[in-house]
Amino acid sequence: MDIDAYASMLAYRELLRATISEDIYAFSNAIANQTVPAMLRNSKYVLDKKPTGIESANIILVDVSDPEYFEEFVDENHILEIIDHHPGRINSQPLQQNLA
């Protein structure tokens, strides 16, 4: 996982926690690569541990929109929003926005 994915996940989590609910998690099975500085990976703003029940949770994807690259726990029926600058699903199939 590169810095734009890592930072986007953390920033959006913090925004949603501040505005919607504390019950928001930023999680990925991907390992942070060398673009993510150690000081960030060791700060208080780190990714969450895998939440229980993630298989049935609503999902917001950042920095990925091509289903070929979705993590195995992502159920497309539970995707609320996709935020990405890469080509992928968002460009070929409009996604209904369900986030209040």
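This is a short walk through one protein structure, as given at a group meeting.

Okay, thanks everyone. Before anything else, please keep in mind that what you're looking at is a predicted model.

Let me start with the overall layout. We have three helices and two strands here, and if you follow the chain from the N terminus, the order is α-α-β-β-α. The protein has 100 residues, and 37% of them are buried. On contacts, if you take those with a separation of 6 or more, 44% are between residues 24 or more positions apart.

Now, the first helix. H1 covers residues 3-19, which is 17 residues. From its first C-alpha to its last it reaches 24 Å, close to the 24 Å expected at 1.5 Å a residue. So which residues of H1 are buried? The list is Ala5, Tyr6, Met9, Leu10, Tyr12, Arg13, Leu16 and Arg17. And what do those buried residues pack against? Three elements: helix H2 at 38-41, strand E1 at 59-62, and strand E2 at 79-83.

You'll have spotted two arginines in that buried list, Arg13 and Arg17. Let me stay with arginine 17 for a minute, which sits in helix H1. What do we find around the polar end of that side chain? One of its polar atoms is 2.8 Å from the backbone oxygen of isoleucine 24. The arginine 17 side chain also makes a polar contact, at 3.5 Å, with the side chain of aspartate 48. If you skip residues up to four places away in sequence, arginine 17 touches Glu22, Ile24, Tyr25 and Asp48.

Buried or exposed? Serine 28 has a relative accessible area of 15%, so with the cut-off for buried at under 20%, it counts as buried. The serine 28 side chain has two partners I'd like you to look at. One is the side chain of glutamate 71, in a polar contact at 2.5 Å. The other is the backbone nitrogen of alanine 30, which the serine side chain reaches at 3.0 Å. Leaving aside neighbours within four places, serine 28 is in contact with Met1, Met9, Leu47 and Glu71. Met9, remember, is one of the buried residues of H1. As for Leu47, serine 28 and leucine 47 are 19 residues apart in sequence, and their C-alpha atoms are 7.6 Å apart.

Lysine 50 comes next, in the loop between H2 and E1. Lysine 50 is at 42% relative accessibility, so it falls in the partly exposed class, between 20% and 50%. Which residues does lysine 50 touch, once those up to four places away are set aside? Phe27 and Glu55. Lysine 50 and phenylalanine 27 are 23 residues apart in sequence, with 6.1 Å between their C-alpha atoms.

Now two aspartates, both from the loop between E1 and E2. Aspartate 63 is in that loop, and its phi is near 65°, a positive value in a residue other than glycine. Aspartate 63 has a relative accessible area of 13%, so it is buried, under the 20% cut-off. Aspartate 75 is in the loop between E1 and E2 too, but at 29% relative accessible area it is partly exposed. A polar atom of the aspartate 75 side chain lies 2.9 Å from the backbone nitrogen of asparagine 77. Aspartate 75 and alanine 57 are 18 residues apart along the chain, and their C-alpha atoms are separated by 8.7 Å.

Last topic, the largest pocket. How much space lies in it? About 840 Å³. The pocket is lined by 34 residues, and the closest to its centre are Tyr25, Ala26, Phe27, Ile59 and Ile60. Two of those names have come up already: Tyr25 is touched by arginine 17, and Phe27 is touched by lysine 50. H1 and E1 are the elements that give two or more residues to the lining, and H1 gives the most, with six. By class, the lining has 25 nonpolar residues, five polar and four charged.

That's my tour. Happy to go back to any of these residues on the screen.

Methods:
Residues numbered from 1 in each chain as written. Predicted model: local features only at pLDDT ≥ 70, side-chain atom pairs only at ≥ 80, totals over all residues. Heavy atoms only, no water. Helix = DSSP H or I, 4+ residues; strand = E, 2+ residues; numbered from the N terminus. Expected span 1.5 Å × (residues − 1). Buried < 20%, exposed > 50% of the residue type's maximum accessible area, 1.4 Å probe, protein only. Contact = heavy atoms within 4.5 Å. Polar contact = N/O pair within 3.5 Å; in protein donor to acceptor, adjacent residues only side chain to side chain. 1 Å grid on protein atoms, 1.4 Å probe; cavity = no way out; pocket = protein on both sides within 12 Å on 5 of 7 lines; lining within 4 Å. Points joined across faces, edges and corners; volume = space filled by probe spheres on them. Nonpolar A, V, L, I, M, F, W, Y, C, P; charged D, E, K, R; others polar.
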